[in-house]
Amino acid sequence: MIDAMISGLMINLQLKPFLFMLIGGAIGFWVGILPGLGGGATLALMIPFVYKMTPQEALPFLLGMHSVVCTTGDITSVLFGIPGEGSTVATIVDGYPMAKKGEAGRALGAVLMSSLIGALFGAFFLAIIIPMVRPLVLAFASPEKFVLILLGLTCIATLSGKGKLGLLMGLLGGGLGFLCSLVGQDRQVGVLRFTFGQLYLWNGLSMIPVMIGFFAIPEVIDLTKRGKAIAGDVSFGKLGKGAREGIRDTFSNFWLTLRCSAIGALMGIIPGLGGAVSQWVSYAHAAQSAKTDEERAQFGKGDVRGVIGPGAANNSKEGATLVPTVAFGIPTSGGMAMLLGAFLILGLVPGPDMLSKHLALTYSMVWTIAIANIICVAVCLLFIDHIAKLTTVRASVITPIIFLFCYIGAYTANNSMGDIVVMMVFGVIGYFMVRSKWPRPPFILGFILGDLAESYLYVSTTCYGSAWLLHPKVIVLLCLTLAFASYPYIYQKLTKKEVPQ
Amino acid sequence: MKKETLLFIFAFIVTITLISPETLPAAPSYQGKTIRIVCGTGPGGGYDRTARLFAKYLPKYLPGKPTIIVENMEGGSSIVAANYLYNIAKPDGLTIGVINRGLPFAQLLKTEGVKFDLTKYGWIGSPTVETNVLTVRSDTPYKSVQDLRNAKGPIKLGSGGPASSATQFPLLLKAFAGIKNIQMVFYRSSREVALAVEQREIDGQTTGYSSFKPQIEKGIYRALIRGRVSEPGIENLPVDESLTNDPIGKKLMALRSGPDRIGRPFIVPPKTPNDLLKIIRDAFAKACKDPEVIATADKLEMRLEYVPGDECLAILKDLFNQPDNIVKEFSKYIKF
């Protein structure tokens, strides 16, 4: 195994593979920054170039791109409140308020460093689990996945506002999200739900336009109303100094960073859950780590831990999502399906061979994720001061640009005008939620998990009747879920504090 | 004098150009032009992979070697793309569509949202046929059709949804071939179905033969029944139609397997001029037989078998020419 690891590194350090990785990384840098254009769609555009490459050149090229999009996607989320990628939405919740407070540099420093640690953790995780990967993936069948989703849904309790009314608002938000996830053609009997005669809605609501509308549009309206720059009246000098502080923040919350990286990696390995979920679970975990209610109240208003958590998780999942594709030839997302196509073009057959005959190549993929992220973060840190200064550009100049990016970002989801309409509708809903102080993350959690929960509950019941409830793994996970759900109440009772309404 | 001559030549050229363009047919050339292949499914699937394969190799055979790009237009199982090609795209030979082969059922069953008539498109053809095979995991006790018929417990088969051929094929077997214990389990995608089979959550699935050939050859999956369309290597498998004596059942199975022959259909918008359609058809036919394309397709686990556009059209016309009672019976099992 050590031999294969070293051989993998040697592959990456050869001139041509290294150059291809740099080119891929440079493409990924921009893809991440631009909202909407995702890693999966870009892989599709890059595939024609690999026909004539060797696997040693093509994999660094493709993965170099794919593994840095979340890192730079976080930058857009922090600076403008627009999700650069579908899996960098949770970074907005605290990252953008930090930018508004004039702490863009600090937020960027923190998110980039936590992204790097997350990516390295993910690569390390992938490297050590490669020998035992098959039983691990096979252990999570539909019932286990369903309970894991329930576990994710308990995060609503953490992501909601304070007090009993806060929880009620959170649950209602989650319920509305759940309802929105039901839009489209039902999978079990083919019934059309809430499609209002629109073909566009047959496939359900796309995540990107919903997220952009929900998070970016209210901020654009707010920015226009305020008429000032994103960072208000904060001077240039103060902005630049924050980056080091942000990096220090990451290291002073090192265990949190590692725990969130672990959440990302573990959720990434389970086909079906993916990055969109892990960022929120890790955000909720970060919020849960607040010791007092006052501290907890800072989440959503610009707490650096709310940036570090999702930053780490959305990068650590990168290595882990490769596992089902490499070990089983079963891609877990559109992006991974494109990668599988590339594997076949290159003459590689995913499956046991990748873990024995081509082990060095598999490890070279691990190295690509690590090296590409180190280079990307180093480059970003060099320019961080200049990037952060974008938050001091006055509103009349920056607002139309952000609006344009919102439109382009939403439109690239399906290349349909429907995307724009969805973005605007959810923009209005998001705006009123912000105005009436309704927490938005529970909605997103309900929206992402609703479809998954429905699907896995149905499969569990069809395949096992009610017997799945007695599966040992299900029982363990259910106990964990109950512990998670009741933790805030037990904690409250133990500390005997009154929670303000 | 010189000026007058020039004016005369100019007037002559303009007149000739304006009044009789047909008399000076410049051979249509795609030089410097960009053709779009509108793919009705998302990136990563079989249709998308086929579209991208031809985006790469088709220019070699088109005059002027144009650039071809692929644009994914998902929605309504390709209905969105088909509507776009029928109602919006210009018939100028610069837009090609790759659509779901199940769309004929949408038209036959008058599915909501269908704003096209498939017989009016210009049919380029298909580079593959898609053979449906019912497969089970090798470690299940089902080794023959009789084993399936005698099964005591449910035979759990995975699929992506009720409108998928992976559902339609086994449902007809359940209704007409005496395999009563088939139970369908629907997953979010065919990728999840494959994983569920590995996890032993389900027993098998109906799948396109080409995409599962390696697993069948390695003995991971066992193929038990195939549809009417065959491929080398599975000619001797029992055909679904031969497993029933019910004439209606036979008819429905035959109708269901019709679109399998038009595997990955390539079309152009209606009213595309015949000369342009001919150029694209010829280029497509040549590309399907190009050894380089065949070799690349082989790597992608696709077996190329060129099906001409006229043949695709004939299959469609036969499908749409059924009496009402057959269509009614068909709609009990086939959804879109």
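**Figure 1. Helix 2 of chain B is mostly covered.** Eleven of the twelve residues of helix 2 are buried. Buried means that 20 or more other C-beta atoms lie within 10 Å of a residue's own; exposed means 12 or fewer, and partly exposed lies in between, with C-beta atoms placed from the backbone. Helices (H or I, at least four residues) and strands (E, at least two) are DSSP runs, numbered from the N terminus. This is a predicted model: local features need pLDDT of at least 70 and side-chain atom pairs count only at pLDDT 80 or more, while totals for chains, interfaces and linings use all residues. Residues are numbered from 1 along each chain as its sequence is written, and chains are lettered from A and ligands numbered from 1 in the order in which they are written. The covered residues include Gly46(B), Tyr47(B), Asp48(B) and Arg49(B). Tyr57(B) is also one of them. The end C-alpha atoms of helix 2 of chain B are 17 Å apart, which agrees with the 16 Å that its twelve residues should span at 1.5 Å a residue. That expected span is 1.5 Å times one less than the number of residues.

**Figure 2. Chain B meets chain A.** Chain B puts 35 residues into the contact, and chain A puts in 34 residues. Two residues are in contact if their C-beta atoms, placed from the backbone, lie within 7 Å. On the side of chain B that touches chain A, at least two residues each come from helix 2 (46-57), helix 3 (79-87), strand 7 (182-186) and helix 7 (190-198) of chain B. Helix 7 of chain B gives the most, with five residues. By class, this side has 13 nonpolar, eight polar and 14 charged residues. Ala, Val, Leu, Ile, Met, Phe, Trp, Tyr, Cys and Pro count as nonpolar, Asp, Glu, Lys and Arg as charged, and the others, Gly among them, as polar.

**Figure 3. The largest nonpolar core has 261 residues**. Such a core is a set of buried Ala, Val, Leu, Ile, Met, Phe, Trp, Tyr and Cys residues joined through C-beta atoms within 7 Å. Leu62(A), Val78(A), Ala107(A), Leu108(A), Cys406(A) and Ile37(B) touch the most other members. Helix 7 (residues 104-129) of chain A gives the most to this core, with 16 residues. Both domain 1 (35-128 + 263-333) and domain 2 (132-258) of chain B give residues to the core, so it lies between them. Leaving aside neighbours within four places in sequence, the contacts of Ala107(A) include Val78(A), Gly95(A), Met98(A) and Val304(A).

**Figure 4. Chain B is divided into domain 1 and domain 2**. Their bounds come from an automatic or database domain assignment. Taken over C-alpha atoms, the centres of the two domains are 26 Å apart. Domain 1 of chain B supplies 14 residues to the contact, and domain 2 of chain B supplies 16 residues. On the domain 1 side, helix 12 (309-320) and helix 13 (324-333) of chain B give two or more residues. Helix 13 of chain B has the largest share, four residues. By class, the domain 1 side has six nonpolar, four polar and four charged residues.

**Figure 5. Helix 12 of chain B has a buried side and an exposed face**. The twelve residues of helix 12 reach 17 Å from first C-alpha to last, close to the 16 Å expected at 1.5 Å a residue. Gly309(B), Cys312(B), Ile315(B), Leu316(B) and Leu319(B) are buried. They cover an arc of only 125° around the axis, which puts them on the same side of helix 12 of chain B. The arc is that of the directions from the helix axis to the C-beta atoms. The face turned away carries the exposed residues Asp310(B), Lys317(B) and Asp318(B). Partners of the buried residues include helix 4 (103-108), strand 4 (122-126) and helix 10 (274-289) of chain B.

Figure 6. Asp275(B) is found in helix 10 of chain B. With 11 C-beta neighbours inside 10 Å, Asp275(B) counts as exposed. Asp275(B) and Gly93(B) are 182 residues apart in sequence, but 9.7 Å apart in space, C-alpha to C-alpha. Lys65(B) is not a glycine, yet has a positive phi of about 40°. Lys65(B) sits in the loop between helix 2 and strand 2 (67-72) of chain B. Lys110(B), also not a glycine, has a positive phi of about 50°. Lys110(B) lies in the loop between helix 4 and strand 4 of chain B.
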